[in-house]
Amino acid sequence: MDLVPITIVLGSIVAITVMRLMRIGKRPPSFPPGPPTTPVLGNLLMFPRENAYLKFTQWAREFGGMFSLMMFDNPIVVISDPRLVKELIEKKGGSVADRPHSHLINMVTEGKYLTFARYSNDWRTARTMLQKALTKEACLEYLPIMQAEAIQLLFNMMTTPDNFFPDTTRFAYSVAATVLTGTRAPSSESPILKKFFHMIEEWSGLLEPGSQPPLDLIPVLKYIPARWAKWKDLCADIRRQQYELYDGFVTMCEKRIANNLRNGSLLEGVIADQKLGNDRVLIRGTIGAFLEGGTDTTSLFLKSLILMLTSSPDAQTKAHKEIDAVVGSDRLPTLSDFNDLPYCQAIMKEVLRIRPMVPIGVPHNVTKEEVIDGYVIPVGSTVFMNQFGILHDPEAYDDPDLFIPDRFITSQFGTKPGANVEGRGNETHFGAGRRVCVGMNLANNAMITNTMNFLWAFDFKPANDPATGRPIPVDINNYSEGIATSPRPFKCDIRPRSPTHAALIRKELLAARPIFERYEHELSPEEAQYAVGLGA
Ligand code: HEM
């Protein structure tokens with residue numbers, strides 16, 4: 001038999017296959033520029049496994065405000081220019097309102113967790129419900145509980161200053177939990193808080209880039225038997241924990257409704273008025289998105305605020321002078337004081353600039369091809385809004401890596417003279433477009449209240465080293481990795497500014513008791529006793 005024709009055919013098939021494979025991973029000329037690719041893999045091997053925001057920011061300096069990466073055949077577009085955020089994520093809202101598919105997330109949430117849900121009817125239903133519940137006006141109704149919790153935070157920081165990490169976390173959780181479920185967490189040792197954070201730790205670990213096999217890029221990996229795929233057990237375990245926690249809240253609110261003991265929580269409305277229908281999975285996913293979205297971010301801001309203040313005695317001196325003139329020491333600040341406190345505003349804006357809590361945002365997925373600045377952004381691209389890169393652009397800011405609140409006194413966006421401010425705003429940290437943070441009004445009230453309170457109440461200084469007696473300097477760049485970045489634990493010395501300030505904090509905590517009581521009916525006897533005893 002003549003083997004020549006077969007060899008030619010086989011050779012051609014191999015050649016075509018190789019040519020096709022070589023095209024995989026290659027960036028088409030119409031895509032935004034980016035680092036060089038390798039055949040098949042694209043930029044897979046150079047994709048940062050940790051601190052992606054730093055690498056993205058470095059690439060943005062090299063390749064511009066919009067660059068692309070190829071993961072095999074899947075394009076990633078990273079935007080680090082506020083003008084382009086406006087052009088793509090805001091103006092073309094409907095084309096980039098989706099989230100990328102994630103097999104791992106789906107295994108845990110069945111696709112119904114608001115933050116990661118596809119652009120779907122479920123997402124629309126849950127988003128519309130939360131958007132109505134969290135308007136600026138609606139959030140004013142939650143102010144009494146926010147302020148009461150903020151006073152407890154001042155009291156905690158004054159009496160157990162070394163515990164400020166857990167106490168800031170408790171504050172953020174307790175506000176979100178009270179608004180949503182109608183039950184607070186009075187202590188950083190509250191069992192519900194422990195359970196919640198145990199779940200969050202595993203959940204964040206699961207979502208950490210590079211921690212699990214690339215199931216979405218190589219789908220065949222999904223079929224590995226469970227005994228060799230630890231992630232399957234992990235997903236099941238996280239799902240079990242979420243069911244237990246979130247169904248527990250639903251049952252609690254159902255009982256309250258049945259016994260005519262409603263205390264105005266959002267979840268009571270969801271259940272009684274069937275705002276999410278009878279879809280238990282969607283209800284669970286919405287509770288999760290609310291509590292998880294509202295807790296970590298707000299508490300990270302508070303930790304960053306303390307870190308930055310500890311590093312900057314000058315900023316504190318200026319803010320103290322301002323707040324003493326406007327508020328004095330006979331009363332605590334209220335939300336309406338903020339307009340008269342431009343330096344306190346500058347401090348808050350500068351913390352959010354230097355350390356946006358979600359530095360590369362939550363990824364969006366493109367569902368309709370768009371052309372921006374002549375570059376094609378194809379369907380299926382994953383879009384990251386590189387908040388850190390936008391807020392650390394040396395073209396826009398002098399010394400972007402330094403904490404300088406005064407930059408917001410001399411310019412609206414903190415930018416240097418002559419900088420291009422097209423598309424720039426002061427809320428970059430909340431993301432953009434149709435998926436912009438739905439909790440931003442609640443978060444703003446929490447950040448404003450605590451920024452004023454901390455500056456009114458305390459002096460923050462580096463702690464002294466007991467061995468040498470010298471101050472231990474804080475490092476404003478010592479942050480953890482992850483989707484949301486947190487300062488790593490640090491020591492600082494927190495003291496009330498005067499006995500008058502200290503006495504008022506105690507008095508206000510006792511005055512807040514009736515507000516707390518509304519949300520303490522379902523606490524365990526130990527927790528209830530702890531709550532009543534606080535400051536008494
Ligand atoms: C300072 C505090 C906060 C920051 C910095 C923050 C930041 C963000 C960011 C960057 C996103 C993604 C936006 C995008 O995709 O472009 C987001 C989404 C979200 N946030 Fe926040 N957030 C904060 C507080 C809160 C609070 C208090 C809640 C709940 C009450 C909340 C609930 C959510 C939810 C449910 C989403 C998903 C929205 C969607 O996909 O449609 N966040 N947040």
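Which residues of α2 are buried? Let's find out, keeping in mind that this is a predicted model.

## Helix α2 and its buried face

The buried residues of α2 are Ala-52, Tyr-53, Phe-56, Thr-57, Trp-59 and Ala-60. Look down the axis of α2 and you will find these buried residues within an arc of 165°, so they line one face of the helix. What do the buried residues of α2 pack against? Their partners are the strands β1 (66–71), β2 (74–79) and β6 (382–385), together with the helix α15 (387–391).

The helix itself runs over residues 52–63, which makes 12 residues. From its first C-alpha to its last, α2 reaches 16 Å, close to the 16 Å expected at 1.5 Å a residue. Just after α2 comes Gly-64, with a positive phi of about 105°.

## Around the ligand

Now let's visit the ligand. How many residues surround the ligand? There are 26, and the closest are Arg-99, Trp-123, Arg-127, Arg-435 and Cys-437.

In the side chain of Trp-123, an N or O atom is 2.9 Å from an oxygen atom of the ligand. The side chain of Arg-127 also has an N or O atom facing a ligand oxygen in this list, at 2.8 Å. A nitrogen atom of the ligand is 3.5 Å from a polar backbone atom of Gly-293. Which elements give two or more residues to the shell? They are α5 (121–133), α12 (280–311) and α17 (440–457). Of these, α12 gives the most, with 6 residues.

You can find Glu-110 in the loop between α4 (103–109) and α5. Is Glu-110 buried or partly exposed? Glu-110 counts as partly exposed because its relative accessibility is 37%.

Asp-373 is another residue other than glycine with a positive phi, near 50°. Its place is in the loop between β4 (370–372) and β5 (375–377). With a relative accessible area of 47%, Asp-373 is partly exposed.

Technical notes. Residues are numbered from 1 along each chain as its sequence is written. This is a predicted model: local features need pLDDT of at least 70, side-chain atom pairs count only at pLDDT 80 or more; totals for chains, interfaces and linings use all residues. Side-chain values use heavy atoms; hydrogens and water are left out. A residue is near a molecule or strand if one of its heavy atoms lies within 4 Å of it. A polar contact is a pair of N or O atoms within 3.5 Å; within protein, one must be able to donate a hydrogen and the other to accept it, and residues adjacent in sequence count only if both atoms are side-chain atoms. Helices (H or I, at least four residues) and strands (E, at least two) are DSSP runs, numbered from the N terminus. The expected span of a helix is 1.5 Å times one less than its number of residues. Buried means under 20% relative accessible area, exposed over 50%, partly exposed in between (1.4 Å probe, protein chains only). The arc is that of the directions from the helix axis to the C-beta atoms. Contact means heavy atoms within 4.5 Å.
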